[in-house]
Amino acid sequence: MLLNILAVGDVVGEGGQDILARRLMELREETGAHFVVVNGENASGVGITPAQARRMLDAGADVITLGNHTWNRIQIGDFLDKEPRILRPANYAGRVPGRGMGIYPCKGFRIAVLNLMGRVELNPNLDSPFKGANRLLREEGYDLAVVDFHAEATSEKGAMGWYLDGKVQALWGTHTHVPTADCQILPKGTGFVTDLGMTGPSRSVLGIRPEHSINLFLGGLPRRYEEAEGPCKLNACLFTIDTDKKRCTAVRRADIQE
Ligand SMILES: [Fe+2]
Ligand SMILES: [Fe+2]
């Protein structure tokens with residue numbers, strides 16, 4: 001069968017959570033998505049609380065992935081241990097709560113979801129996401145695998161896509177909050193996009209108020225970033241997977257702009 005997997009970019013703040021709650025079910029239906037993965041690392045601006053995670057699951061996310069802001073709301077720690085539908089990057093080097101890979105039932109198939117984080121310009125203390133992916137994918141008990149690679153550098157994301165080509169059916173980048181126009185199917189059948197983009201205020205710098213970002217670049221005192229106001233967008237990509245051939249057969253953007 002053809003299985004549709006929808007991947008939604010970093011949900012930013014109240015605006016991002018709101019558009020997700022209002023529009024995700026409709027997008028699921030419109031795209032025929034059977035399974036939805038949402039990156040939630042910016043639900044609180046930085047980090048996510050258990051209440052925000054529950055709200056995203058209620059909105060129609062099957063799995064929530066995270067990134068470099070995982071520990072900004074430390075109360076998520078226990079929740080990561082208790083709730084199997086939320087993942088944090090698998091390649092944190094230390095002993096931290098939660099897990100970086102989960103296997104979930106969908107239409108008679110077992111889908112492995114991996115959350116990995118890049119090291120380039122992001123966090124050099126992490127274990128290698130490449131070696132980590134290799135190790136995790138050796139585990140048994142899944143039919144299909146998809147990856148959220150949370151990374152800054154387009155080069156690291158591209159390299160990961162090609163490294164895992166044929167080993168996973170879909171791999172998307174998150175973290176930069178800017179959607180890329182390179183949806184493609186790699187030679188061995190992995191659907192790939194460098195970055196999904198973000199879900200939150202459109203008229204912003206990566207979701208935050210432009211004046212706060214400008215202030216930083218002008219050398220102003222650091223201050224708490226506030227989420228921008230105004231219309232929101234939902235950035236997402238849809239991956240269609242042929243479950244017999246275990247290949248991605250189509251990948252396209254599935255964005256909403258309000
Ligand atoms: Fe991030
Ligand atoms: Fe983010």
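Shown is a predicted model, in which local features need pLDDT of at least 70 and side-chain atom pairs count only at pLDDT 80 or more, while totals for chains, interfaces and linings use all residues. Residues are numbered from 1 along each chain as its sequence is written, chains are lettered from A and ligands numbered from 1 in the order in which they are written, and side-chain values use heavy atoms, with hydrogens and water left out. Buried means under 20% relative accessible area, exposed over 50%, and partly exposed in between (1.4 Å probe, protein chains only). The partner of Arg-55 in a salt bridge is Glu-14, with the closest N and O atoms 3.2 Å apart. Arg-55 belongs to helix 2 and Glu-14 to helix 1 (residues 13-31), so the pair ties together parts that are 41 residues apart in sequence. Glu-14 is partly exposed as well, at 48% relative accessible area. A salt bridge is counted where a side-chain nitrogen of Lys or Arg lies within 4 Å of a carboxyl oxygen of Asp or Glu; the count comes to 13 salt bridges. Helices (H or I, at least four residues) and strands (E, at least two) are DSSP runs, numbered from the N terminus.

**Asp-18, Arg-22, Arg-23, Glu-26 and Glu-258 form a network of salt bridges.** Side chains of opposite charge can pair when their charged atoms come close. Arg-22 and Asp-18 meet at 2.9 Å, N to O. These two residues are 4 apart in helix 1, so about one helical turn separates Arg-22 from Asp-18. Both ends are partly exposed: Arg-22 has a relative accessible area of 42%, and Asp-18 has one of 31%. Glu-26 is joined to Arg-23 by a salt bridge whose closest N and O atoms are 3.1 Å apart. Glu-26 and Arg-23 are 3 residues apart in helix 1, which again corresponds to about one helical turn. Glu-26 counts as partly exposed at 34% relative accessibility.

**The iron ion (ligand 1) is held by Glu-41, Asn-68, His-150 and His-175.** The donor atoms are OE of Glu-41, OD1 of Asn-68, NE2 of His-150 and ND1 of His-175, lying 2.1 Å from the ion. Donors are N, O and S atoms within 2.8 Å of the metal (3.2 Å for Na, K and Ca); water is not among the atoms, so sites may look incomplete. The arrangement is irregular because the 4 donor atoms subtend angles of 86 to 145°. Four donors count as tetrahedral if all angles lie between 85 and 135 degrees; four count as square planar and six as octahedral if opposite donors are over 155 degrees apart and all others between 65 and 115; anything else is irregular. The donor residues follow the spacing E-x26-N-x81-H-x24-H in sequence. His-150 lies in strand 7 (residues 144-150) and His-175 in the loop between strand 8 (170-174) and strand 9 (184-185), so this pair ties together parts that are 25 residues apart in sequence. His-150 and His-175 are both buried.

Glu-41 coordinates both the iron ion (ligand 2) and the iron ion (ligand 1), which are 3.4 Å apart. Asn-42 lies in the loop between strand 3 (35-39) and helix 2 (50-59), and His-177 in the loop between strand 8 and strand 9, so the pair ties together parts that are 135 residues apart in sequence. Asn-42 is buried, with a relative accessible area of 3%, and His-177 counts as buried at 9%.

**The side chains of Thr-174 and Asn-39 are joined by a polar contact of 3.5 Å.** A polar contact is a pair of N or O atoms within 3.5 Å; within protein, one must be able to donate a hydrogen and the other to accept it, and residues adjacent in sequence count only if both atoms are side-chain atoms. Thr-174 is part of strand 8. Its relative accessible area is 0%, and Thr-174 is buried.
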